[in-house]
Amino acid sequence: MERTLSRRTLLAGAAGAGAGAVWGTAGKAVADGWGQPVAQRAVDAEVARLKRGLIALRRDIHRHPEGPGQEQRTAGVVARELRAAGLAVTTGVGGHGVVGVLRGSRPGRTVAYRADMDAVPPEDIVGGGPAPAHRCGHDVHTAVAIGIAQVLARLRRQLAGSVVFLFQPAEESLSGARALIDTGVLERTRVTEIHALHCGPLPVGRFAVTPGFGMPGQDKAEVTASGPDAADAARQLTAEIGTLATVALPQTPADLERIVAAAQSPNGPLAEFVAVQAQAQKAKVRVSYRCWPPERYLEVRQHIHRLATSYPGAGVDFPADPFPAMVCPERDAHVLAHHLRRALGRDAVTELHAAFPPFSGEDFALYLDRLPGTFTFLGVRTPGAPITTSYPHYPDFAPDERAISVGVRAMAGWIADRTHWAHGLHGGSGGVGGIGSGSGR
């Protein structure tokens, strides 16, 4: 955790200093003014031609779900589509990861876009399931990313810089990002920033930016009671540790609606929270919890230790450091929101004021620990549909497929804009592509 926080402090310091020109892939400083960036109307025209094929692609991936670390077929489909679009493709990266590189015809910056490919394991579907299934929208994410690659490849003559597409395995197990990063792909491709979308329970086509928030990390503990009444003590400890929670797991669709509303409320009930799951197993209590802000992990650990040691002979073990929270840079999110409103209309974007969902994590955190970037929710809720059809991990999750073309329109324009501008996120000035249009952190 200390390393994570120090990295973000370093990035914030670069922003405050007004970092200058970002170095391009050839090792030369990129200057402003390399022609005009890709026009949004050109992006929209290409998306209109591709949208039926992208829906068919998503349906194909949906029919063949593969759990974390098992994404062989999905990776093959991705590689085939990227090669057909003219990208340079590498497979088998960090497991079944696929990396596609698209080089524009003009000098510019190198920007990454990440999509996760794996399906939800049966034990992580609400209520359980018989087999892995795409109940988190990764099939949509993959289709959107392929669509971005296809659109920008068709507009290569107007594209500056390069785009590195990272199709990541094993997000659901929080192991895929680490595996991919450990291959050195970020260093080899020399990306300067990274971006991603995730399906969310918002009206289809609407986006939610997450300035200064993101998704919580996760910490785990194991408490061991002792003595002849150890099992009873473990049950009592489970109840006491449960009282540390400030937000409960949703039990009804109405609970989900309240969570979504709370996440959009400034200084609302989810601006700070602790979510705890504790289970007694004979003399042991296994604890998993998430909290916000991330600095609260030390406080919650101290509370768990105090409760455990109040029972004679009991011990507590925290087997590893907390998995880091995903904290989205505030300034970067505001720049993206400005771009989306220009491209799609003022009502296209809302803002989250809490880490969301409070019960889930994201290994995109590991990318944002190293690079500036954005993580944005793409609304996939069909008008009038139950919220469970758009809330990830529910068994009736069924995203509105119209969101695919909206996601491609938004992100293809955004990525083209980012490769064009000399000044990257966390520094520079001027224009929509520069940081001057955003508000400081």
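Below are legends for a set of close-up views of one predicted model.

In this predicted model, local features need pLDDT of at least 70 and side-chain atom pairs count only at pLDDT 80 or more, while totals for chains, interfaces and linings use all residues. Residues are numbered from 1 along each chain as its sequence is written, and side-chain values use heavy atoms, with hydrogens and water left out.

**View 1. The whole chain, for orientation.**
The chain has 441 residues, and 57% of them count as buried (buried is under 20% relative accessible area, exposed is over 50%, and partly exposed lies in between, with a 1.4 Å probe and protein chains only). You'll find 12 helices and 14 strands here; these are DSSP runs numbered from the N terminus, with helices (H or I) of at least four residues and strands (E) of at least two. Take the contacts between residues at least 6 apart in sequence: 80% of them join residues at least 24 apart (a contact means heavy atoms within 4.5 Å). The accessible surface comes to about 17500 Å², and carbon and sulfur atoms hold 52% of that (Shrake-Rupley method, 1.4 Å probe; for residues, only the protein chains shown count as cover).

Average pLDDT for the chain is 89, with 87% of the residues scoring at least 70 (pLDDT is the predictor's confidence in each residue, from 0 to 100). Residues 1-33 sit below 50, and this stretch has 58 contacts in the model beyond near neighbours in sequence. Over residues 427-441 pLDDT also stays under 50, and there the model has 43 contacts beyond four places in sequence. Where pLDDT is low, the predicted coordinates should not be read in detail.

**View 2. Helix H2 against H3.**
H2 covers residues 40-63 and H3 covers residues 72-84; their axes come within 10 Å and cross at roughly 160° (axes are lines fitted to C-alpha atoms, for helices over the stretch in contact, and angles run from 0 to 180 degrees between N-to-C directions). That angle makes H2 roughly antiparallel to H3 (under 35 degrees counts as roughly parallel, over 145 as roughly antiparallel, 65 to 115 as roughly perpendicular and the rest as oblique). On the H2 side look for Leu57, Asp60 and Ile61, which meet Arg73, Thr74, Val77, Arg80 and Glu81 of H3.

**View 3. Helix H2 again, now against H4.**
The axes of H2 and H4 come within 9 Å and cross at roughly 145°. This crossing is right-handed. Residues of H2 in the contact include Val43, Leu50, Leu54, Leu57 and Ile61. Their H4 partners include Val140, Ala143, Ile146, Gly147 and Val151.

**View 4. Helices H10 and H12.**
Here H10 (residues 330-344) and H12 (residues 402-420) have axes that come within 10 Å and cross at roughly 120°. H10 is therefore oblique to H12. H10 passes H12 in a right-handed crossing. Val335, Leu336, His339, Leu340, Ala343 and Leu344 make the contact from H10, and the H12 side includes Met411, Trp414 and Asp417.

Pro169 is 51 residues from Asp118 in sequence, but 5.8 Å away in space, C-alpha to C-alpha. Gly129 lies in the loop between strand E3 (106-116) and helix H4 (138-154). With 31% relative accessibility, Gly129 is partly exposed. Its C-alpha atom is separated by 7.8 Å from that of Pro395, 266 residues apart along the chain.

Trp292 and Pro293 are joined by a cis peptide bond, with omega about 0°; Pro293 is in the loop between strand E10 (284-292) and helix H9 (296-309). Another cis peptide bond joins Phe356 and Pro357, with omega about -15°, and Pro357 lies between strand E13 (349-351) and helix H11 (365-368). Leu174, a residue other than glycine, has a positive phi near 55°; look for Leu174 in the loop between strand E4 (160-168) and helix H5 (176-181). Lys282 also has phi near 55°. Lys282 sits in the loop between strand E9 (273-281) and E10, and is exposed, with a relative accessible area of 75%.

Conventions: A crossing is left-handed if the near helix is turned anticlockwise from the far one by less than a right angle, and right-handed if clockwise.
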